[in-house]
Amino acid sequence: MPLGLNRPQIVLLGVNHNTAPLEVRERLSLCESDTPAPKLFAGLSSCTEVVFLSTCNRVEVLVSTNCMDEVKESIKELWVDRGKMDFKTLQDSLYEYEGMFAVRHLFRVASSLDSMVVGEPQILGQLKDAYRVASEANTAGMVLNRLLHKAFSVAKKIRTETRIASHAVSISYAAVELAKKIFGDLSGKNGMLIGAGEMAELAAQHLMASGAGKLVVANRTLSRAVKLAGSLGGSAISLEEVENALIDADIVISSTGAPGIVLNKDRVKRIMRPRRHRLLFFIDIAVPRDIDPKVNDIDNVYLYDIDDLKGVIEFNKAEREKEAFKADRMVEAEVIKFMAWLESLNVVPVIQHLQKKAEAVRQREISRSQKVLESLNDEQQKALDILTRSIVQKILHDPIVCIKKGAQEKNNKMILDATCRLFGIDGLEETPKLQDKDLPDDSQDKTIS
Amino acid sequence: MHKFLFQITVFIYFVSTVGFLVHIITLRKDAERIATGFLFAGFGFHTAAFLMRWFAGGHPPLVNLHDSLSFTAWAMVGSFILFQWCCKLKSLGAFVVPFAMIIMTASSFQSTEILPLPPVLKSIWLPIHAIICLFADAIFALAFCIAIMFLLQERQIKKKRLGAVFKRLPSLETLDAMNKRCLTVGFPLLTLGIVTGSIWAEKAWGSYWSWDPKETWSLITWFVYAALFHQRLTVGWRGRKAAIMTIVGFAVLIFTFLGVSLLFSGAHSYATWLK
């Protein structure tokens, strides 16, 4: 094998929510197969290292290999075979990334830039799980270890340095965010839930989780209110008691199925004096609306209906997209750094051979002078050994430094060829196994991670 | 020397103002850190300038308009630093520091000559009365900034415009609580200022109250803040109404501070002294 081509290459094959329907994604996740999917892929002869990621929105296989085309074919075959699907469906929904494109895709996935809801936090955890499975099964080696760790640190950096995840994009989160902007600290603030409904319950749950104090649940049928109050950790009242209870409430979530207005402006106005004009926040997620929109005109009362909240969410989504641009730029910088490191891997065998050859020469020359050297005592022999060793090291030092420096450059082939010719190194067929300690260090990387 | 220190102070406050403005526009944390650092330094220089001027003149430098503006700015910055230390309010610096900067600029256009003190003012009551009054003014200036922030934020939330301004300002209730805190400190100070002034008047002129324009307007200011204080405590006024009232009170206060001094003549009038 010619020099320089034996460095590992990275390939990523997969489908996501944009390219494949759920049914195809389910098949590709190979969950019905008796051997777990990561093991199946690791069994492929052309795969050096594998990580298999399967979430509800994507299925991806990331491999490090020495022969790219072969591995792609065998992965597809395995999918067709085990997933019981025809090749054309697979080919139509599959994306294939090689080299830096694969690295970039992985970084974007980890940073949640490729997610359905940009910035959602689950994907990083799922990727970490996938990686843990791979490293427990010993299918992730040096290259993927480093790649995945880089992906995690890129994701973390993007999360902290951009505001990609800082805007609420669901109704219930947006409502709680707003409440925080009105009340600051939610501790000691009382919540009230009028009517029941999935979204309203969710919002009430978030509210309680964010530290709100008491919760009162009002419902037309008291038994339902009691049940709901039990599950949310609050107390139940009937609809008639709402007006009195409003005096103590600060955040009111309303979602009754009533056909008309439940709370009008006058009723709310009446309770403001006994409330001593404390701020009051209404969240009306019922359709048709429960609370008279005019309530918003009262001083110290703020009313948001479902459309207002949707407006907030749309705005927040746009903000996330804006932040995604910034994140993409950060991903790009990290991809370039990783590729430089990968590029530098092909200098390792050359350096190893150089050192091996020099050591062989030293040993041979010492044994040739064996007769003369025999007369030396132990101490002198030891000194001689150290002396010859350090001569070899000193001579090799500059060439090795030079090779390592050149390693990160795009075209390091020239310097490697020159080295082989100058020192008469050939026959690199049996490549020594790469080990972490042999790797060129990239100190610039360490300062960043 | 004190003039030189004063100029340095103005310059440092200017840098700090720019820092706080950069922070509120770009939301860069390092800008805020640098601005706060400069503010501390400026406050140090300002204190030194005040002491040097006292030393050079032989009496507390609280006599002419330059002095009182400068001292008000000093008290504002001082109370701002204290406030931020005990309960940090997001973006407050971008309102307070530029305001203090404007006061300092106004002060630097006034005559900085140290004139001999008229014998009638030579009294221990001069620093006591002036410092208390100017501190009250500074606290109300802070309350004014907070009220402006409240109204801005309230408008965003009421009109459901949750954009750049909304993101940068603190929550309504925090702002309202701070407004209340300023009032509970500022109002007693103002009361005390008027009382000490009255005592001093008795010592100097033999009468507690002589209805000179400054006294009259101080009383009007006191009534405005007293009304707000009362409504807050008894009816539970808060939010928008309280913020608007704070702003009205501050407008009257500015008139008492500047308008009366420059327009009318009387014991407090800088206009007559300058002639």
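Which strands of chain A does helix 7 (residues 142–161) lie across? Helix 7 of chain A lies across strand 1, strand 2 and strand 3 of chain A, and runs at about 35 degrees to strand 2 of chain A. Axes here are lines fitted to C-alpha atoms, for helices over the stretch in contact, and angles run from 0 to 180 degrees between N-to-C directions.

## Before you start

This is a predicted model, in which local features need pLDDT of at least 70 and side-chain atom pairs count only at pLDDT 80 or more, while totals for chains, interfaces and linings use all residues. Residues are numbered from 1 along each chain as its sequence is written, and chains are lettered from A and ligands numbered from 1 in the order in which they are written.

Helices (H or I, at least four residues) and strands (E, at least two) are DSSP runs, numbered from the N terminus. Two strands pair if DSSP finds at least two bridges between them. Two residues are in contact if their C-beta atoms, placed from the backbone, lie within 7 Å.

## How chain A is divided

Chain A splits into domain 1 (9–166 + 319–342), domain 2 (171–299) and domain 3 (347–448); the bounds come from an automatic or database domain assignment. Between the C-alpha centres of domain 1 and domain 2 of chain A there are 44 Å.

## The antiparallel sheet

In chain A, 4 strands make an open sheet with antiparallel pairing, in the order 2-3-1-4. Strand 2 (47–54) and strand 4 (95–98) of chain A are the edge strands, each pairing on one side only. On average, neighbouring strands of this sheet are turned by 15 degrees against each other, direction ignored.

Strand 1 (residues 9–16) and strand 4 of chain A run antiparallel and are joined by 4 bridges. Look for A:Leu12, which stands opposite A:Tyr97 in strand 4 of chain A. Helix 5 (residues 99–110) of chain A also lies across part of this sheet: strand 1, strand 3 (58–65) and strand 4, at about 50 degrees to strand 1 of chain A.

## The parallel sheet

Chain A has another open sheet, where 6 strands pair in parallel in the order 7-6-5-8-9-10. Strand 7 (235–238) and strand 10 (301–305) of chain A stand at the edges with a single partner strand each, so one side of each has no neighbour in the sheet. From one strand to the next, the twist averages 20 degrees.

Strand 9 (residues 280–284) of chain A runs parallel to strand 10 of chain A, with 5 bridges joining them. A:Phe282 has A:Leu303, in strand 10 of chain A, as its bridge partner. Helix 9 (residues 198–209) of chain A lies across strand 5 (191–194), strand 6 (215–219), strand 8 (251–254) and strand 9 of chain A, at about 170 degrees to strand 5 of chain A. Helix 10 (residues 222–232) of chain A packs on the sheet too, touching strand 6 and strand 7 of chain A, and its direction makes about 155 degrees with that of strand 6 of chain A.

A residue is buried if 20 or more other C-beta atoms lie within 10 Å of its own, exposed if 12 or fewer, and partly exposed in between, with C-beta atoms placed from the backbone. A:Asn300 sits in the loop between strand 9 and strand 10 of chain A, and is buried, with 22 other C-beta atoms within 10 Å. A:Asn300 has a positive phi of about 65 degrees although it is not a glycine. In the loop between strand 9 and strand 10 of chain A you will also find A:Pro288, and the peptide bond from A:Val287 to A:Pro288 is cis, with omega near -5 degrees.

A:Arg82 belongs to helix 3 (residues 68–83) of chain A and is partly exposed, with 17 other C-beta atoms within 10 Å. A:Arg82 and A:Leu30 are 52 residues apart in sequence, yet 6.9 Å apart in space, C-alpha to C-alpha.

Chain B has 10 helices and 0 strands. Of its 275 residues, 44% count as buried.

The contact takes 16 residues from chain B and 17 residues from chain A. On the chain B side, helix 5 (125–158), helix 7 (172–205) and helix 9 (239–263) of chain B each supply at least two residues.
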